Amino acid sequence: MTGVAFVFCRAEDAPLPFGYAGHLGWGFFLPDSEGFYCGSTENPSGAPDVLPSGDNGWWEERVGSLAEMLAAMQARDYDSYKFEGVADAHPEEAISMAKSMEARGYSVAADSSLDHTREVLEAYGVKNLPSTDEYPFPNSWFAIFDGELRGLDSAEHKL
């Protein structure tokens, strides 16, 4: 089954002494229903660690169109996204992986929005994802992710 995967970036989030680490969210096309599924782990407290089953700010949204998904991400201050086609998409596996994030907690070192996004995309079927060891910050990982870049404020949102 052919699909499309999305990575969303909020570039000016998670301030560091030398700039911003950034924040990521994910989304993907649901081929059987013609809809989209998106979400993220927001970590609203900003704490470096949130214990499993704690409030890690996880959310999900199933929508009927690309425009609705982009609006959901823009409402949460994401500013850009990349997308790429997936030859062998597994939306049910990706939904299951995404739902598992709600109870996992959060750790800036090993269970962050970057890790969650990478795992959801991997479950969906995206191949050759950048390494989180080589690109440990969301902004650097997003920059190297091989997808077509678009701004959420762009008038052009066709795939």
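The lining of the largest pocket comprises 11 nonpolar, seven polar and two charged residues (Ala, Val, Leu, Ile, Met, Phe, Trp, Tyr, Cys and Pro count as nonpolar, Asp, Glu, Lys and Arg as charged, the others, Gly among them, as polar). The model is predicted: local features need pLDDT of at least 70, side-chain atom pairs count only at pLDDT 80 or more, and totals for chains, interfaces and linings use all residues. Residues are numbered from 1 along each chain as its sequence is written, and side-chain values use heavy atoms, without hydrogens and water.

**Largest pocket**
- Its volume is about 410 Å³, the space filled by probe spheres set on the grid points.
- Of the 20 lining residues, Ala14, Gly22, Asn43, Tyr106 and Val108 lie nearest the centre of the pocket.
- A pocket is an open set of points on a 1 Å grid where a 1.4 Å probe fits, with protein on both sides within 12 Å along at least five of seven lines; lining residues have an atom within 4 Å of a point.

**Helices H2 and H3**
- The axes of H2 (residues 91-100) and H3 (residues 113-124) come within 7 Å and cross at roughly 155°.
- H2 and H3 are therefore roughly antiparallel (angles over 145 degrees).
- Pro91, Glu93, Ala94, Met97 and Ala98 of H2 meet Glu119, Val120, Ala123 and Tyr124 of H3 (heavy atoms within 4.5 Å).
- This contact of H2 with H3 divides into seven nonpolar, no polar and two charged residues.

Terms used:
Axes fitted to C-alpha atoms, helices over the stretch in contact; angles between N-to-C directions. Helix = DSSP H or I, 4+ residues; strand = E, 2+ residues; numbered from the N terminus. Parallel < 35°, antiparallel > 145°, perpendicular 65-115°, else oblique.
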